[in-house]
Amino acid sequence: MKKVCFFSGDITRSGGTERVSIMIANELKKQGDYDVLFLSLVEESEKIFFPLEKGIEHFALGDKWIQPGPGYLPVIPKLRSFLREQKPDVLIDIDIVLDVLSIPASRGTGIKIISWEHSNCDYEMSVLYRRLILRYSVKRTDYVVTLTEGD
């Protein structure tokens with residue numbers, strides 16, 4: 001059985017990325033061939049907004065929101081420890097910004113990383129740190145999922 005971990009900023013939110021990732025996770029779980037879990041940087045709510053299939057666990061690395069940047073550095077060892085403990089086969093970063101954490105944290109583990117971007121390319125290229133992360137990620141992740149064919 002393959003183990004798939006969806007990595008989110010905060011899976012308890014009610015946004016589109018949370019809805020779509022939970023829909024996909026639920027379908028994977030229903031197939032019976034996958035062990036599925038969620039990991040968030042933080043979970044600001046105690047309850048996940050969208051329903052999860054029974055048996056899908058969720059975890060959080062911390063309890064205080066971290067802006068992308070140098071504040072991410074202490075998160076990398078926490079993420080690496082989580083990955084070593086949970087041993088997922090695949091880690092799906094639900095936002096390309098999370099790649100700066102998952103790529104170094106998963107080094108040498110054999111975990112496949114899917115970088116999943118829910119924003120269009122024009123937006124990605126208009127924000128400096130996202131543009132830099134995109135260049136970093138494309139060369140270092142196993143797969144990149146984009147919003148549209150054009151992206």
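This is a predicted model: local features need pLDDT of at least 70, side-chain atom pairs count only at pLDDT 80 or more; totals for chains, interfaces and linings use all residues.
**Exercise 1.** Determine which residue forms a salt bridge with Glu27, and how far apart the closest N and O atoms are.

*Solution.* Begin with the criterion, which asks for a side-chain nitrogen of Lys or Arg within 4 Å of a carboxyl oxygen of Asp or Glu. Glu27 meets this with Lys30, their closest N and O atoms being 3.3 Å apart.

Residues are numbered from 1 along each chain as its sequence is written, and side-chain values use heavy atoms, leaving out hydrogens and water.

**Exercise 2.** Find which residues are linked with Lys30 in a network of salt bridges.

*Solution.* A search of the whole structure finds two salt bridges. Besides the pair with Glu27, Lys30 forms a salt bridge with Glu53, with the closest N and O atoms 4.0 Å apart. Glu53 lies in the loop between β2 (34-42) and β3 (57-62) and Lys30 in helix α1, so this pair ties together parts that are 23 residues apart in sequence. The network therefore links Glu27, Lys30 and Glu53.

**Exercise 3.** Work out which strands are joined to β4 by bridges.

*Solution.* Strands pair if DSSP finds at least two bridges between them. On one side of the count, four bridges join β1 (residues 2-8) to β4, and these strands run parallel, with Phe7 opposite Asp93. Four bridges also join β4 to β5 (residues 112-116), again running parallel, and here Val90 stands opposite Lys112. Within β4 (residues 90-93), Val90 and Ile92 point one way and Leu91 and Asp93 the other way, and all are buried.

**Exercise 4.** Decide whether helix α3 is mostly covered or mostly open.

*Solution.* Helix α3 (residues 99-106) has eight residues, of which six are buried, so that the helix is mostly covered. The buried residues are Asp99, Leu101, Ser102, Ile103, Ala105 and Ser106. After α3 comes Gly108, whose phi is positive, near 80°.

Key: Buried means under 20% relative accessible area, exposed over 50%, partly exposed in between (1.4 Å probe, protein chains only). Helices (H or I, at least four residues) and strands (E, at least two) are DSSP runs, numbered from the N terminus.
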